[in-house]
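Dear colleague,

Please find the structure below, handed over for your review. A summary of the findings follows it.

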Amino acid sequence: MLRTRFKDILGLNRRNQEYIRPYNPPSAKRIADNKILTKRILRKEGIKTPEVYKLIRTKKQLEFLDWDSLPKSFVIKPNKGTGGNGIIIFYGKTKSGDAWIRPNGQTMSQRDIVLHIENILEGRFSMGSKKDIAILEERVKTDPLLKQYSYKGVPDIRIICFNKIPIMAMTRLPTKRSNGTANLHSGAICTGIDIATGITTYSMHMSPTAIMSDTYELLDKTIDLKQNKILSGIQIPDWNNLLEIALKCQKAIGLGYIGVDIALDRDKGPVVFEVNARPGLGIQVANQTGLRWRLEKARGLDVKSIKHGIRLGKNLFGGEIEESIESISGRKVLNIVERVSVYHKPAVSMRKRKQKIKVDKEIINTFMDTGVLTSRMTSSLANRIGFTDATKYFKSIEMPSNFSTLKDAQDYIDTQGKEIVKHEDILRLAKVVEDGKINIRPVIRITVKMLGDVKDIEVVITNDIIYPLVIGRSELSGYLIDTTKTFK
Amino acid sequence: MEYSPFTTWLLNHGLSSQTLELLIAIAILATIVSFARYLFGTKSYGVYAPIILAIAYSYTGLKYGLVITAVVIATSLLSYSMLKKIRMHYITRIAINYCILTISLILFFVLINRFVLTLDNLQNIPPLAMISIAALGDFFTKQYVKKSLKASMLIVFSTIAISTIGWYVITRDVISTYFSNNLWIIPVLILANIAVGQFKGLRVKDFFRFRSITGSKENA
């Protein structure tokens, strides 16, 4: 395993010049910067967005706003706002009915809200301080799963897509410090998501004490809930659908490099909050990996469909969950069928070198079997890696073809085994059940490389296995086995 | 001061030496701001604010300039915090901020006169330079309204830091004389800005920001 190097990380300079400028045309950026237009386009494509209750374009419209027609909970947003500025969420009305309640418990009277909307109209929160439109929209009711990890507000999931491939994802969880918003700069927690599985990995938040902004602090639990919960290992529901929605948004808006913010509504399911033409780079910290190498891998690939894009994203960039588990548990994750390098016996390598065939190891699809103690290998593989003499020698020995009980077999090994078997490569004999019969087979020592670890292991030569090599549980301590995948 | 033939020609054709120095200072300061942004990741209130601030400091002297800046920021902070609870429109809030700033600066001058406080030369400061510094209050309040106090203070400090570096550069006689006599450097500054404008590498700030990632394992 390699460490992430600075050259794998995407900085603002490169993001702007290599990805935003060439891949995000001004027309598409104009759509992404305009929430109303974005909603209209996404709805045409059948993508759900929060329902708009009112659009206030002028002070006159504000003056005649029918406040009674508004539900108890709603959200006010500037149409062209940036960085979550100017967004206010209301959870309900006070008992007296003359004020609305915010996530932190503070209330805002109708006059306060009018003033806030007037500020939006004047462009206080919009890009370039230009005149803006205030959107009064539905408040998303958070899915119960993510709700338990966030302090009030609405958590969301950001998926970055490039060249119709999902590249990286994170979930942003509101905290007390962030006042219920999912804004990282305000103190929300960001948790990386494994693209392949939709399972959360690393978590962090911006350090409240750091002098420099953008200084992150690693977390393993939520920070301000009554009962703080571990943040890694959460399965984001409906993950494939979320990836599909993100790619559909990319196609509909026309941005080559896009950040799609999706919330999970209790009743409606995934709802797209907004699309971002200049998504921030903090997602790299949440995933503990760089965006640059991923974007470079995705660039130029011919993506035929949304499904193809998802498959590519999962295959190219999945697997963070394994690293996360490894860092937490100290154990490496092996797939149930893993590619393992099997080293040839030195003599064979020498011969092959003489023949100018530079092969001293081969990669074998290997089955991880916790049901057997000792590892197993087929005789053909044993022959290939240089144990032909040993297998021939064993075949030449006269010995009972099968035993009625395991005890009989063990007695035979204990009493006569050492005298019968006198070959330098055969370490000992082992009893195995082959096709329902109890047999005795030779054990040899081979060298393998699994997940970067080179180790000598003992293997029984037997042909009663489906894979050429089976690793038994005596070699699997210190590993976790992922049964969902065959190999990377 | 001896000028090169080209500079002498310019000075004989309607350009005063002070204007020339000021114009050169603008080019240098703008380049410092762009280098600070794209190589170091230092945010500032655009390009205009650090330029104006650095030029103002060159008229007031750094010590007086920084003191006035501190008064402006403290007043803006105080007035915004006081007015936050009162319902009013944004522009009126800014206007009140300026009114309070006027009062604070008057009080400040009186206090300095009364207690001296090693700033005895304050009365000689050109008023226009002081007004230029006062404009920083507007930038600060605008930022403070949108972002947190911490974020606004960070940008103020980095703007002041860039302006201070700029002040140092433009007030060196050696630099000023060299640039006045070698005006070809201005196109060189343009080329340098083009180069920085195309720089794709990480900013110095990015190295700090992403240092936690480089300590982690990768499956590249």
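A salt bridge is counted here when a side-chain nitrogen of Lys or Arg lies within 4 Å of a carboxyl oxygen of Asp or Glu. Lys307(A) and Glu244(A) form such a pair, with their closest N and O atoms 3.4 Å apart. Because Lys307(A) lies in helix H10 (residues 306-317) of chain A and Glu244(A) in helix H7 (residues 239-253) of chain A, the pair ties together parts that are 63 residues apart in sequence; helices (H or I, at least four residues) and strands (E, at least two) are DSSP runs, numbered from the N terminus. Lys307(A) is exposed at 52% relative accessibility, while Glu244(A) is partly exposed at 21%. In these terms, buried means under 20% relative accessible area, exposed over 50%, and partly exposed in between (1.4 Å probe, protein chains only).

Please note that this is a predicted model, in which local features need pLDDT of at least 70 and side-chain atom pairs count only at pLDDT 80 or more, whereas totals for chains, interfaces and linings use all residues. Residues are numbered from 1 along each chain as its sequence is written, chains are lettered from A in the order in which they are written, and side-chain values use heavy atoms, without hydrogens and water.

Over all chains, the count comes to 24 salt bridges. One of them joins Asp156(A) and Arg172(A), at 2.7 Å from N to O. Asp156(A) belongs to strand E9 (residues 156-162) and Arg172(A) to strand E10 (residues 165-173) of chain A, so this pair connects parts 16 residues apart in sequence. Asp156(A) is buried, at 5% relative accessible area, and Arg172(A) is buried as well, at 10%.

Turning to the interface, 34 residues of chain B are in contact (heavy atoms within 4.5 Å) with 48 residues of chain A. Between the two chains there is 1 salt bridge, formed by Lys200(B) and Glu18(A) with their closest N and O atoms 3.3 Å apart. On the side of chain B that touches chain A, H11(B) gives the most, with 5 residues.

Finally, there are 0 disulfides over all chains, a disulfide being a pair of cysteine sulfur atoms within 2.5 Å. For Cys161(A), the nearest cysteine sulfur is that of Cys249(A), 8.3 Å away. Both Cys161(A) and Cys249(A) are buried, at 0% relative accessibility.
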